[in-house]
Every structure is written in C-alpha cells, then in structure tokens.
Amino acid sequence: MASDRQAHTSRPADTSRPARPSGSALRVAVALLSPSSLFELAVPCAVFGQDRGEIPSPGYELALCQTVPGAHHAAGGLRLESSHGLETLAEADLVIIPACVMGEYEPPAPLLDTLRAAHAAGARVASLCSGVFVLAAAGLLTGREVATHWMYADELRRRHPEVTVDDRALYIDDGSILTSAGTAAAIDLCLHIVRRDHGAAVAAEVGRRMVVAPHREGGQAQYARPRTATAAPPAPGTGLAPVLDWALARLHEPLAIADLAGRAGMSVRTFERHFAREVGATPLRWLNQQRVTHARTLLETTDLPVDAVAERSGLGTGDGLRQHFHRLMGTTPAAYRRTYRGTPG
C-alpha cells in the first residue's frame, strides 16, 4: 500500500495498557469539539456505534465525550451534549478526534492533557481531516508522517514543522497514531481500523452495510484542485514566466529542457538553477506535472481514448500516461475518469 500512500505503518502500537480480555468490545471515544463538524462526527458513529451483532466480531462500545462543560455547537444551530466526559475518553482503547472548524477552534488544555495521557497509556489515537491539528497541538505527532485534507496541508506544515505532512494519502496508519484526509477519507480510515481489528471480511461487510467501498483506489491527489498552470510573476531579471507560458501552449510537442533554456536565452545549467529557485521544482518535474494536469482536464471533459489523451498532453503513449499519472496521482487514468464521469477509460 505504500505505493499509493493510502496507508503506511512504520511503528508498532503502544502496548503499555493491559490487554483486554478476549472477545470483549473495544472502547471507542469520540471527542465532541465546539464548534463541531457534523459529517466527520457522524462517520465514527456509523462505523463503530451501530449494533451489528450478526457480524462475527467482538464489536465496539462507542461514547461521545464532552470536551468542555455545557452544550457543544455544530452547523445549523445544532447543540450537542453527552453524559460522557474526558474521564471516559481517558479510558478508551481508541480515541477519535473529528474535524475541527479551522479558524474557530482552539483545543482546550484539559483535552490536550487527556489525549497525551490516553496515548501514553496505550490507546490508539485517530484524527479525521483537520482534527490532526488537535493531535499536533497535543505534541503527539513530532517526527511522524500524517495525512490531512489537501487544503490544510500547507497550514499544518507552517504551524508544525516538526511533522511530515503527506497531502496525497487518504489516510496513514502509523501504529498508535492514525490520520486521515477530508470527509470521505474519514470513512476510509474508520473501515481500515475495522479491517485492522477484525479482518478484511468484517470490514467489507461493514462497508456493504454502509453502501461504500471498503477500500478506494489511489490517493487524494486525484481529488485535489489542480495547481494553476501559469507561473507567478518572475523575479526581476529572470524572465521565466513567458518561457513557461510558451511551454504550456506546446505541451503536446516533444519539448526538451534545452528548448526551454534556449527560449530563455540561458545555458541549460543556468536555466535549471534559475528555474528551481523561481518555480520550486526541476524543469522536467514541472513539465511532467503540467502534462498530467492537462491530461486530467481531457479525462474529465472529453471521451478521448487514453492513447489520444497521452498524445495531446505530450506524454507519448498510453503506457507513458499511465506511468506518470499513477506516480503523481496515485491512480490510473481509467479509474480517474470513472471517478469524475462514471464512464469507462
């Protein structure tokens, strides 16, 4: 699974908490944040809180846990209250932090203290979407690789440089810490936890009951907004923006780095140095990214065969397109087209 970055395990789970008796339900605590994001709050309730007694597994005991006194607020004026508090969260086998409302939510110190204590005692801790910011604030992510929604990745890197952010992964399993990308990826991670606890057959059956795929193809790069194809205004004296525009109009042609360097009036070595400083990537990497971006547009908006898409985007053959597309997008052109158009590739 490391190739498509859906899941990655590099650490064993903590084992300081005594093992639970065989056949007993696993205790799951979901933190109520205020304000709360309803979808990511509902997902663990649907996966871990439904009585599926006919499915042969020990199951789960789910509790929604207050993190501050009084009612918790959610979208549309909804008020949430629970009889469980941080003491229940501290004793859970699995603690889930749903998405927080970015720009409005500040995690209270008692919640952060409880998260640290629960993790130290052996609980697994999972975040859904922007809930990863709460785990980072608790200091649980130092030196770890995590997932979050692609829209929040740069902000997480800025706030927490001690954390490695993978904005391509749907979710990452790092042993005792699990993180997911946004919205639907919360389902992916929760089903992965069921698969890890009870096996693929049980996870598949839970997915069938929810009418969702138990395992999705690719990573979230296929859902991220394509980066703009035009360059930022060039730094004084570089003049690279006109060269990039010239290349973007000729993606279907067999462009070489020497062609771009000649257009800029520079040697290849000088051009590569200027390009890396201004654009933040090598010329070849940038060119391949723009060609894959153009291929995405063609796959979304036309019925062209994959070979024709490859030719028009400058990636040569269908095999060349598939290779670059999978490397950058974590999925195949055909699967990408099905996602956006519901048609064969």
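The side chain of Asp166 reaches the backbone nitrogen of Ala169 at 3.4 Å. This is a polar contact, a term for a pair of N or O atoms within 3.5 Å; within protein, one must be able to donate a hydrogen and the other to accept it, and residues adjacent in sequence count only if both atoms are side-chain atoms. The model is a predicted one, in which local features need pLDDT of at least 70 and side-chain atom pairs count only at pLDDT 80 or more, while totals for chains, interfaces and linings use all residues. Residues are numbered from 1 along each chain as its sequence is written, and side-chain values use heavy atoms, with hydrogens and water left out.

Asp166 itself belongs to strand E8, which covers residues 164-166. Helices (H or I, at least four residues) and strands (E, at least two) are DSSP runs, numbered from the N terminus. With a relative accessibility of 9%, Asp166 counts as buried. Buried stands for under 20% relative accessible area, exposed for over 50%, and partly exposed for what lies in between (1.4 Å probe, protein chains only). Asp166 is 13 residues from Ala153 in sequence, and their C-alpha atoms are 7.7 Å apart in space.

Next come the charged side chains. Side chains of opposite charge can pair when their charged atoms come close. A salt bridge is counted where a side-chain nitrogen of Lys or Arg lies within 4 Å of a carboxyl oxygen of Asp or Glu. By this rule there are 12 salt bridges. One of them joins Asp167 and Arg157, with 3.3 Å between the closest N and O atoms. Asp167 sits in the loop between E8 and strand E9 (171-173) and Arg157 in helix H5 (residues 153-159), so the pair ties together parts that are 10 residues apart in sequence. Both ends are partly exposed: Asp167 has a relative accessible area of 21%, and Arg157 one of 29%. Together with Asp154, Arg157 and Asp167 are linked in a network of salt bridges.

Glu205 pairs with Arg208, the closest N and O atoms being 3.1 Å apart. These two residues are 3 residues apart in H7 (residues 200-210), about one turn of the helix. Glu205 also meets Arg209 in a salt bridge, at 2.7 Å from N to O. Glu205 counts as partly exposed at 22% relative accessibility, and Arg209 is partly exposed at 39%, whereas Arg208, at 54%, counts as exposed.

What does H7 meet on the side of helix H6? Ile187, Leu191, Val194, Arg195 and His198 in H6 meet Ala200, Val202, Ala203, Val206, Gly207 and Met210 in H7, where contact means heavy atoms within 4.5 Å. The axes of H6 (residues 184-198) and H7 come within 7 Å and cross at roughly 145 degrees. Axes are lines fitted to C-alpha atoms, for helices over the stretch in contact, and angles run from 0 to 180 degrees between N-to-C directions. The crossing of H6 and H7 is right-handed; a crossing is left-handed if the near helix is turned anticlockwise from the far one by less than a right angle, and right-handed if clockwise.

Aromatic rings form another set of contacts. Rings of Phe, Tyr and Trp (its six-membered ring) pair if their centres lie within 6.5 Å; planes under 30 degrees apart count as stacked, over 60 as edge-to-face and the rest as tilted. The structure holds 5 aromatic pairs. Among them is the edge-to-face pair of Phe48 and Tyr60, at 4.8 Å centre to centre with 75 degrees between the planes. Phe48 lies in helix H1 (residues 38-48) and Tyr60 in strand E2 (residues 60-66), so this pair ties together parts that are 12 residues apart in sequence. Phe48 and Tyr60 are both buried.

Phe275 and Trp286 form an edge-to-face pair as well, with 5.8 Å between centres and 70 degrees between planes. This pair links distant parts of the chain, with Phe275 in helix H10 (residues 268-279) and Trp286 in helix H11 (residues 283-301), 11 residues apart. Phe275 is buried at 0% relative accessible area, and Trp286 counts as buried at 6%. Ring pairs link Phe271, Phe275 and Trp286 into a cluster.

Ser176 counts as buried at 2% relative accessibility, and a polar contact of 2.8 Å joins its side chain to that of His119.
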